[in-house]
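This briefing is for a reader who is new to the structure shown below. The points that follow are grouped by topic.

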Amino acid sequence: MLSFIAVWSKSAQVCAITLILFGLLADAHAESDVVLYAFQGARDGSAPEGGLIPDAAGNLYGTTVSGGRHYKRGGYGTVFKLAPDGTETVLYAFRGYSRGDGQEPLGGLIADQAGNLFGTTSSGGSNCPQSDGCGTVFRISPDGRETILHAFAGGTDGWAPYGDLVADRHGNLYGTTYMGGGSGCFEGEGCGTVFRITLDGKEEVIYAFAGESYGAYPVAGLLFDKAKNLYGVTSEGGNGAGTVFRIAADGSESVLYAFEGGSDGQAPDGKLIADKEGNLYGTTADGGTSGLGTVYKLAGDGSETVLYSFSGGSDGDEPLGRLLFDSSGNLYGTTLVGGGNGCVFGAGCGTVFKLAPNGAETLLHVFKGGNDGALPYADLIKKADGLYGTASSGGPYCCGTVFKLQIR
């Protein structure tokens, strides 16, 4: 059976801040990249930008932004299952805004013990004045039936949920919308929200971002601690370069750190993780000494340390996904571009990297943009035999891949 990736009971085992998918790894060195599946861009889906989740039988589950049943019109995205033998099954193909359904799922999935899958679509739904909808929160049953738990209405309700969901021990779902929530920011629609959805589909906006010093435009999912505080990042606001924030159980917000936009980083887009001491770790897409992104640590007293600044070229550029720890304190992640020539403006097709506690970076894989894929947006996961992830583009059909990095 599947189990919630963000279950509250797991977080109770961590003495400080919960590690939503904390994932302790053994020390790892990549040996080779194996493409487990290459998307063809038709009914099977195209452009997997969300992370993967496993089940006990070795199956992997994820989403694609486009493709699916209506692929002749570009498709509206899919929820897929990948068996250990490489067989892909589309569990659900989204039908799009014109049919009242969601479209374009950018985030990954979580699952409950009954095997239901939960996620968000960044647009679609039937309750919004936007031309392609304001997004949805959905549930997919094990037999492939979809239930829209909430269709965002824009305005104070919020719209454009881009990140993953998390769940508490009661099964309530929590997430962010990139826009909406009130006045200000984009065309007066608001600067984004943090929301909660109960199992019966009732949605409540826990916090609406006000922009400026309070932060604006949250992209990533959230992190729980055992005191029921939520932690996340906004890509803008603060000092103009984004924030790390905490939402207390009573709904009050605290900005834990406001990025300056220089060497300390800018535009934090990666979901946070935490260590046993309560330090937070994340990535910024921009900023750092070369302006090409950072890996940072935020201590409990609010002091930030840049653990690594990407320089582009061979070492990677624009880290977007969540990090992973191993038992020796190494961090693992991906960069969207960089690593060599080719792909986006010759900047490279992306990397998988390891960052040692002393700040030394090792590239575990450099995507070539060919059969191995290109442009890895999503988080990595760890299984016993290696690191797994998705590349949003490339592969033999140019529509993305699911890959495994074998380690020793």
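## A buried aspartate

Aspartate 326 is buried but has no salt bridge, and lysine 354, the nearest side chain of opposite charge, is 5.4 Å away. A salt bridge needs a side-chain nitrogen of Lys or Arg within 4 Å of a carboxyl oxygen of Asp or Glu. The model is predicted.

**Surroundings of aspartate 326**

- Aspartate 326 sits in the loop that runs between strand S25 (324–325) and strand S26 (331–335).
- The side chain of aspartate 326 makes a polar contact of 2.8 Å with the side chain of asparagine 330.
- The side chain of tyrosine 332 also takes part in a polar contact with that of aspartate 326, at 2.9 Å.

**Salt bridges**

- The count of salt bridges comes to five.
- One of them joins the side chains of arginine 322 and aspartate 379, at 2.9 Å from N to O.
- Arginine 322 is in the loop between S24 and S25, and aspartate 379 is in the loop between strand S28 (361–366) and strand S29 (381–383), so this pair ties together parts that are 57 residues apart in sequence.
- Both arginine 322 and aspartate 379 are buried.
- Another salt bridge is formed by lysine 404 and aspartate 385, whose closest N and O atoms are 3.3 Å apart.
- Because lysine 404 lies in strand S31 (residues 401–407) and aspartate 385 in the loop between S29 and strand S30 (386–391), the pair ties together parts that are 19 residues apart in sequence.
- Lysine 404 counts as buried, at 12% relative accessibility, whereas aspartate 385 is partly exposed, with a relative accessible area of 36%.
- Arginine 95 and aspartate 101 also meet through their side chains in a salt bridge, at 3.8 Å from N to O.
- Of that pair, arginine 95 is partly exposed at 31% relative accessibility, and aspartate 101 is buried, with a relative accessible area of 1%.

**Nonpolar cores**

- The largest nonpolar core has 30 residues, and Val137, Leu173, Val194 and Leu230 have the most contacts inside it.
- At least two residues of this core come from each of strand S12 (166–167), strand S13 (173–177), strand S14 (193–197), strand S15 (203–208) and strand S18 (243–247).
- S14 contributes the most to this core, with three residues.
- Leaving aside neighbours within four places in sequence, leucine 230 is in contact with residues including Val166, Tyr174, Val194, Leu222, Phe245 and Ile247.
- In soluble globular proteins, nonpolar side chains tend to be buried together.

**Strand pairing**

- An open sheet is formed by four strands in the order S7-S8-S10-S11, with antiparallel pairing.
- Strand S7 (110–111) and strand S11 (146–151) are its edge strands, each pairing on one side only.
- S7 and strand S8 (residues 117–121) run antiparallel and are joined by two bridges.
- Alanine 111 is opposite leucine 117 in S8.
- Elsewhere, strand S23 (residues 294–298) and strand S24 (residues 304–309) run antiparallel, joined by five bridges.
- Threonine 294 is opposite serine 309 in S24.
- The hairpin of S23 and S24 has five residues between the strands, and glycine 302 in this hairpin takes a positive phi near 90°.

Technical notes. Residues are numbered from 1 along each chain as its sequence is written. This is a predicted model: local features need pLDDT of at least 70, side-chain atom pairs count only at pLDDT 80 or more; totals for chains, interfaces and linings use all residues. Side-chain values use heavy atoms; hydrogens and water are left out. Buried means under 20% relative accessible area, exposed over 50%, partly exposed in between (1.4 Å probe, protein chains only). Lys and Arg count as positive and Asp and Glu as negative; His and the chain ends are not counted. A polar contact is a pair of N or O atoms within 3.5 Å; within protein, one must be able to donate a hydrogen and the other to accept it, and residues adjacent in sequence count only if both atoms are side-chain atoms. A nonpolar core is a set of buried Ala, Val, Leu, Ile, Met, Phe, Trp, Tyr and Cys residues joined through side-chain atoms within 4.5 Å. Contact means heavy atoms within 4.5 Å. Two strands pair if DSSP finds at least two bridges between them.
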